Amino acid sequence: MNRYSKLSLLAAAIAATGSVAYAAQRGIENDAMAITKAKIPLAQAVTTAEQHANGKAARAEYENSKQGWVYDVEVVSGAKVFDVKVDADNGTVISSAEDKADRDNDHDKQD
C-alpha cells in the first residue's frame with residue numbers, strides 16, 4: 001500500500017511539472033502575475049481614484065478590459081459609490097460612474 005501511495009505522489013508531481021512546463025512554453029500566465037507589467041503601482045491608482053471621486057477606496061482590482069489593462073477602483077464618497085477606472089500605463093482616469101447597484105463589475109457591459 002505504501003508503494004502505491006509513493007507511486008501516486010510521484011505521478012502527480014510529474015503531471016504537475018509537465019503542466020507548468022507546458023503553460024510556460026505556451027506563454028500562459030497567471031492572471032495575478034499580470035500586474036507586474038503595470039507601469040504604475042496599485043497605490044498610485046487608488047490615490048488617483050480617491051482624489052477624482054473625493055472619497056475613500058473600498059476595493060481595487062487590476063483587470064483586462066476593452067481599454068486594456070486598468071485598475072478598477074470602487075470609491076465611497078459620502079452616500080455614493082463610484083467605479084473609477086485608472087489607466088495602468090499612465091495613471092489617468094479613464095472613466096468614472098456612480099455604482100447605484102453596488103455590485104461587482106464582472107458582468108458590466110461597460111468593461
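Tyr 62 is buried, at 18% relative accessible area, where buried means under 20% relative accessible area, exposed over 50% and partly exposed in between, with a 1.4 Å probe and protein chains only. Tyr 62 forms one aromatic cluster with Trp 69 and Tyr 71. This is a predicted model, in which local features need pLDDT of at least 70, side-chain atom pairs count only at pLDDT 80 or more, and totals for chains, interfaces and linings use all residues. Residues are numbered from 1 along each chain as its sequence is written, and side-chain values use heavy atoms, with hydrogens and water left out.

**Aromatic pairs**

- The structure holds 2 aromatic pairs; rings of Phe, Tyr and Trp (its six-membered ring) pair if their centres lie within 6.5 Å, and planes under 30 degrees apart count as stacked, over 60 as edge-to-face and the rest as tilted.
- The rings of Tyr 62 and Trp 69 are stacked, because their centres are 4.8 Å apart and their planes stand at 15°.
- Trp 69 is partly exposed, with 33% relative accessibility.
- Tyr 62 and Tyr 71 make a tilted pair, because their ring centres are 5.1 Å apart and their planes stand at 50°.
- Tyr 71 is buried, at 0% relative accessibility.

**Salt bridges of Arg 59**

- There are 6 salt bridges in the structure, each defined as a side-chain nitrogen of Lys or Arg within 4 Å of a carboxyl oxygen of Asp or Glu.
- One of them joins Arg 59 to Glu 74, with the closest N and O atoms 3.5 Å apart.
- Arg 59 lies in strand β1 (residues 56-65) and Glu 74 in strand β2 (residues 68-77), so this pair ties together parts that are 15 residues apart in sequence; strands (E, at least two residues) and helices (H or I, at least four) are DSSP runs, numbered from the N terminus.
- Arg 59 is partly exposed at 21% relative accessible area, whereas Glu 74 is buried at 11% relative accessibility.
- Arg 59 also forms a salt bridge with Asp 83, where the closest N and O atoms are 4.0 Å apart.
- That pair links distant parts of the chain, with Asp 83 in strand β3 (residues 80-87) and Arg 59 in strand β1, 24 residues apart.
- Asp 83 is buried, its relative accessible area being 10%.

- A salt bridge connects the side chains of Asp 72 and Lys 85, at 3.8 Å from N to O.
- Asp 72 is in strand β2 and Lys 85 in strand β3, so the pair ties together parts that are 13 residues apart in sequence.
- Both Asp 72 and Lys 85 are buried.
- Through salt bridges that share partners, Arg 59, Glu 61, Glu 63, Asp 72, Glu 74, Asp 83 and Lys 85 are joined into one network.

**Backbone at Asn 54**

- Asn 54 is not a glycine, yet has a positive phi of about 55°.
- Most residues other than glycine have a negative phi.
- Asn 54 sits in the loop between α2 (42-53) and β1.
- Asn 54 is exposed, with a relative accessible area of 65%.
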